[in-house]
Amino acid sequence: MSEFILRWEIWRRMDVWGRSSIPTGLVALSILTSILPWHLPDVTLVGPSWVLITIYYWAAQRPDLLPVSVVFIFGVLLDILTGGPLGVNPLVFVILRGLLGSQRRFVIGQTFLVEWGIFAIVAIGAMLIEWLCISIIAKNFLVISPALIQCSVTIIIYPAIAWLFTLCLRILPPERSWLGTL
Amino acid sequence: MRYRDHWLAKYIVPIKAVTRRLTLAFLIIAAFGLMLMGKAETVLVESSRTAVADIMTPVLDALSRPTSAIMAVTDGIIELVNLREQNANLRRENEYLRQKKQQSEAIEAENANLRNLLNFIPEAAVAQITARVIADEGGAFLRTVMVNTGLRSGLHKGMVAVGGTGLVGRVAEVGERSARILLLTDLNSRIPVLIESSRHRAVMAGDNSDWPRLIYLAPNAVISAGDRIVTSGHGGVFPSGIPVGIVVAMGDGSLRVKPYVDFTRLEYVRILDYGLEGMVSIPETGKARFVGR
């Protein structure tokens, strides 16, 4: 009998663990999506920033399942895989996650239009930080138009991705209390 | 917040708030630290970069195959739609190319005769390696691609990458089984070029836009839109004569180069070994730019 309870407990924990790692898994997936060569015919070279959308959404909805250290590591990984200047993406992502962690109550529970507006502001801010950092590293102000295009594409595509993520949100385990996250 | 009333909450909540802030501050400082390290371009940074790239290569290699399949399907659909029109165009082009072929055969024969007369020593055959593009930076600030071959297949830094129709860029970073190619449109790309018809020299400078700029062009240079641009071979990275693109005059009077290679559909690149390993430097300003990050 006790063995049965033990086994059941193990399965239950694995199930909770699996569902809890959905946000992290989605961030990893967004990194792959952004670096794989899609070869879409006649589409501009600049795609949306999938990782920014994913981190924004999950940092706002479930910060407990997307710790700031994980976000940092994903930033480093993205910099390495894209061959970009090291440290820029971790900085942007950590600031984003930190900001959403503390200002979360302004972001969630809003009407969708307001949520979209807030995302647009955050995306523009993230782009400006990235542009500034890379410009300083390159010692030369970069052409900002590709960044503006990327930012617009990211903002336009946000509702679709957010809708997909909302489907995932439902199957996540309930938010843990302060005692549990310690 | 069910546990707010717990007697421990009084102690744990503030501690957690402090540790959270400390972690955040630490990670922000760490990010700046990484930037400094990356800027210093230490061997450690580069070797860890290539190590991670090598680990990810099999994954990216496997995942990038279906994306080519998706490309093939979308291409197929577009082709079906335009079949009739495309056929007519191709027939016209074929006729034109046949004429060109006859001309070039005549020129080739003449060339061979003249070379014989001059005792010309032919250039050594160029070794080439074909590599598949497995990752493609679609971001706003970089123009690089990753390919699935590396040191194992004989790649090394500074080799030249060409696509079907022209120059793609150069190998900037090499791992065991992966390499990063700096595209000619990247901000850090500076390529010495020639206007093919007038033989005037210039530097083609990428700025992350689709069409790189032409800079350091002599004031008396004769150049017009549609002129062919080829590599000049100066600087010792690119051999001379690789086709690059055609000149496009912009509205503001500046000149840009429209590359022959379509970077949105770069699937395979040929990597050529000319045995050149120079650094790109710009003597006009005396400032050497780093190319391989």
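Read along the sequence, chain A runs α-α-α-α-α-α-α-α, that is, eight helices and zero strands. Helices here are DSSP runs of H or I with at least four residues, strands are runs of E with at least two, and both are numbered from the N terminus. The model is predicted: local features need pLDDT of at least 70 and side-chain atom pairs count only at pLDDT 80 or more, while totals for chains, interfaces and linings use all residues. Residues are numbered from 1 along each chain as its sequence is written, and chains are lettered from A and ligands numbered from 1 in the order in which they are written.

The C-alpha trace of chain A spans about 70 × 35 × 35 Å along its principal axes. Of the 182 residues in chain A, 41% are buried (20 or more other C-beta atoms within 10 Å of the residue's own, with C-beta atoms placed from the backbone). Contacts are pairs of residues whose C-beta atoms, placed from the backbone, lie within 7 Å. Among those in chain A between residues at least 6 apart in sequence, 74% join residues at least 24 apart.

Between the chains, 45 residues of chain A are in contact with 52 residues of chain B. On the side of chain A that touches chain B, α2 (22-35), α4 (68-82), α5 (88-102), α7 (112-138) and α8 (145-170) each supply at least two residues. The largest share, seven residues, comes from α4(A).

In chain B, B:Ile134 lies in strand β1 (residues 127-136). B:Ile134 is buried because 26 other C-beta atoms lie within 10 Å. Leaving aside neighbours within four places in sequence, its contacts include B:Thr57, B:Leu60 and B:Met146. The C-alpha atoms of B:Ile134 and B:Pro58 are separated by 9.3 Å, although the two are 76 residues apart along the chain.

Conventions. Two residues are in contact if their C-beta atoms, placed from the backbone, lie within 7 Å. A residue is buried if 20 or more other C-beta atoms lie within 10 Å of its own, exposed if 12 or fewer, and partly exposed in between; C-beta atoms are placed from the backbone.
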